[in-house]
Amino acid sequence: MHSEFDIIRHYFSRPTPSAILGIGDDAALIASTTQTELAISTDTLVCGTHFFADADPYKLGYKSLAVNLSDMAAMGARPRWALLSLTLPDDLARHNQVWLSEFSKGFFALADLYHVELIGGDTTSGPLNIGVQIVGEVAAGKALRRSGAKLEDDVWVSGQLGDAALALNHELQQIILECDEIEHCLPALLTPTARVELGQRLIGLAHSAIDISDGLMADLGHILESSGKAACINMAALPCSTVLKRYLHQSLAMNCLLAGGDDYELCFTAPKINRGKIEALSAELAIPLTLIGGILSGEGLMVKDASGNAITLETKGYDHFSA
């Protein structure tokens with residue numbers, strides 16, 4: 001049987017050489033320099049809302065950090081430190097050492113990849129709930145923001161969109177995918193890739209950026225609202241997998257592409273003069289970067305099909321408090 005402090009010591013305590021003080025006190029201590037600013041974000045994953053109760057604990061540990069790394073990527077920040085708050089059902093905390101071991105392995109596998117140190121957090125009993133706070137560094141005055149989009153900027157997205165939402169709809173039995181199709185789509189849902197290096201390299205190239213967690217329309221909409229601008233994007237230009245393309249005749253798949261969420265790709269705006277540099281960056285990092293539209297004066301987001309007709313969706317993106 002594990003107590004709260006046994007769990008922390010056994011599964012989550014590791015050396016934190018870049019912190020002044022890590023796990024084991026009332027607060028962690030970190031040092032920042034005058035040349036940098038701290039970027040701080042937090043995300044909560046709730047069982048039954050963000051993941052299924054039988055989710056693979058290794059992949060869940062991995063994703064719980066990945067979604068926070070994506071926030072750092074959107075700001076152009078280098079992730080440095082994380083805090084983890086776990087609310088665990090009593091039977092899991094006291095009797096399921098395999099779950100705790102696999103969760104921590106998944107978390108630290110990604111943390112090690114990006115040299116992120118776990119410096120604190122909290123553990124308590126209750127319905128399964130995972131909260132991660134992340135702290136990163138970015139050069140002073142250089143962070144990418146949602147509010148920076150400028151008139152006539154290009155709108156770009158990284159990677160491919162919609163596979164995670166398509167996989168979720170399959171799991172919910174709202175669409176039935178073939179075995180090879182779901183095998184292709186599930187990694188996008190369970191182990192998303194945060195575009196950390198891309199975000200840092202976009203500083204000086206992009207005017208604004210956001211990570212796509214709630215769906216392209218919703219998240220690009222946040223850029224437009226913060227920047228006081230409008231945009232038009234081309235449905236035919238949106239990058240998606242061959243699997244999703246097979247289903248685009250269905251409204252559900254189109255919704256996955258435009259508003260499904262859980263993509264954790266970057267959407268950013270940049271001046272037209274930087275097109276060549278962005279294309280070169282895409283080749284260098286081996287990350288598809290696709291020009292999907294442009295920034296206009298006014299307000300709101302318009303999506304056009306290949307014939308130039310406006311597309312209307314009832315759902316603009318994921319909302320935690322929608323009915």
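A surface patch, as the term is used here, is made of residues with over 30% relative accessible area and no salt bridge, and nonpolar side chains are joined into one patch within 5 Å. In this predicted model, Phe52, Leu168 and Leu172 form such a nonpolar patch, and together they have about 240 Å² of accessible area. Phe52 lies in the loop between strand S1 (36-46) and helix H2 (57-75). Its relative accessible area is 36%, so Phe52 is classed as partly exposed.

The interior may be considered next. In soluble globular proteins, nonpolar side chains tend to be buried together. The largest nonpolar core of this model has 48 residues, and Leu65 and Ile130 are those with the most contacts inside it. At least two residues of this core come from each of S1, H2, strand S2 (78-88), helix H4 (97-113), strand S4 (129-139), helix H7 (196-201), strand S8 (266-270) and helix H11 (275-285). Helix H2 gives the most, with 8 residues. Leu65 touches Ala82, Phe107, Leu110, Ala111, Val132 and Ile134, when residues up to four places away in sequence are not counted.

The cysteines complete the account. With a disulfide taken as a pair of cysteine sulfur atoms within 2.5 Å, the count comes to 0 disulfides. Cys232 has a relative accessible area of 15% and is therefore buried; Cys240, with a value of 9%, is likewise buried. Both assignments follow because buried means under 20% relative accessible area.

Methods. Residues are numbered from 1 along each chain as its sequence is written. This is a predicted model: local features need pLDDT of at least 70, side-chain atom pairs count only at pLDDT 80 or more; totals for chains, interfaces and linings use all residues. Side-chain values use heavy atoms; hydrogens and water are left out. Patches are made of residues with over 30% relative accessible area and no salt bridge: like charges are joined within 9 Å, nonpolar side chains (Val, Leu, Ile, Met, Phe, Trp, Tyr) within 5 Å. Accessible areas come from the Shrake-Rupley method with a 1.4 Å probe; for residues, only the protein chains shown count as cover. A salt bridge is a side-chain nitrogen of Lys or Arg within 4 Å of a carboxyl oxygen of Asp or Glu. Helices (H or I, at least four residues) and strands (E, at least two) are DSSP runs, numbered from the N terminus. Buried means under 20% relative accessible area, exposed over 50%, partly exposed in between (1.4 Å probe, protein chains only). A nonpolar core is a set of buried Ala, Val, Leu, Ile, Met, Phe, Trp, Tyr and Cys residues joined through side-chain atoms within 4.5 Å. Contact means heavy atoms within 4.5 Å.
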